[in-house]
Amino acid sequence: MRKVQGMTATLLLTDPLFLQHDAGEGHPESPARLRRILQVLARNPVAGTVMAPPRSATDAEILAVHTPAHLDAMEKLGGRFERIDEDTAVSPDSIDAARVAAGAAVQAVEQVMAGHARNAFALVRPPGHHAEPGRAMGFCLYNNVAIAAEAGRRLGAERVLVLDWDVHHGNGTQAAFWGRRDVLYQSVHQFPYYPGSGAAPEVGRGEGQGFTVNCGLPGGNTDADYGMIFEELLLPVAQAYRPDLVLVSAGFDPHRADPIGGMDVTERGFAAMCTSVRKLAEEVSGGKLVLVLEGGYSLEGLSNSVHACIEVLAGRDDSFASGATNADAREALAASREALKPYWASVR
């Protein structure tokens, strides 16, 4: 990993194989998503970044999250066109792409944990946060960010934060760490919405009680609303948790132009979210931060927002918009704080 002006660079990991995953004509999770991101980065490169090819995840890395039956079922789909459910389909290269996507997330963690990269963004397809330990769903085959979290734990991170700002709740990531406290899962998402999980009272079980944080918002929320949720819920809990590694399930479907989501977030809002988690990582974990691409289906909104976040990873700062917040968002925040009061003094 080369250094840029005396400091390690922001690492961007991607592979042409990701463009070979094709869920079918008209499917929103199309190769055009990543192709547009790469075009924007080629036209407007971000100083202080280095792009590199990732490796494939090993069986052991996948099995740290997924069941052997799930791994076997996915491997049997290699080289085939197959529909898994009404939302999720594979083409002949999809399983190989999914392995490399998971491997990119792991490699990003490895490079950041070793100090070879300042921080990293895994620009991958297919996405992962809906994939449960034993089930592919919601466009997702393997849970990239959960596999990355397990890699961080193996590399010495005693506490890992996974923060998910995709418009859809990451049911698969929640399921992977539901009964554990070594991984704190936080999600701000549209609710009720696909996949139906992510209500405020969902806080984990057993030793993991309080280590799942959900804030389900109605549609139409703005940069200022997300700023309120970050500043009054997600960041205070994260600061109290003091993770050794910060991971982000970076979905850009809350963008105001997204055809699937129903939010009103701009690229500057995503840059503000990214700034807040970068500063959190700098404060508590020596800057160890990895973003992993999830959703986002407006080609313009997605590519511009990814570019804005990469600028933040490379050192630019942004702040949340000021202004009035929606009453529904304040109600959602209050419900989440109430559910978490028994576990976190920072939200009492």
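This is a predicted model: local features need pLDDT of at least 70, side-chain atom pairs count only at pLDDT 80 or more; totals for chains, interfaces and linings use all residues.
Does N221 count as buried or exposed, and at what relative accessibility? N221 counts as buried because its relative accessibility is 0%, where buried means under 20% relative accessible area, exposed over 50% and partly exposed in between, with a 1.4 Å probe and protein chains only.

Residues are numbered from 1 along each chain as its sequence is written, and side-chain values use heavy atoms, with hydrogens and water left out.

To return to N221, this residue is found in the loop between β10 (212-217) and α7 (223-241), with helices (H or I, at least four residues) and strands (E, at least two) taken as DSSP runs numbered from the N terminus. A polar atom of the N221 side chain lies 2.4 Å from the backbone oxygen of P218.

L245, placed in strand β11 (residues 245-250), also counts as buried, because its relative accessibility is 0%. Between L245 and A102 there are 143 residues in sequence and 17 Å in space, taken C-alpha to C-alpha.

On a 1 Å grid over the protein atoms alone, a cavity is a set of points where a 1.4 Å probe fits but cannot get out, a pocket is an open set with protein on both sides within 12 Å along at least five of seven lines, and lining residues have an atom within 4 Å of a point. A search of the whole structure finds 1 cavity of 30 Å³ or more, and about 40 Å³ of space lies in the largest cavity, which is lined by H21, A23, H27, E29, D87, T88, A89 and F139.

The largest pocket holds about 170 Å³ of space, and of its 15 lining residues H130, G138, F139, H168 and Y194 lie nearest its centre.

Finally, an unreviewed UniProt entry lists residues 27-313 as "domain: Histone deacetylase", an annotation that may be inferred rather than shown by experiment. That span is 40% helix and 15% strand, and its end C-alpha atoms lie 30 Å apart.

Technical notes. Grid points are joined across faces, edges and corners, and a volume is the space filled by probe spheres set on the points. A polar contact is a pair of N or O atoms within 3.5 Å; within protein, one must be able to donate a hydrogen and the other to accept it, and residues adjacent in sequence count only if both atoms are side-chain atoms.
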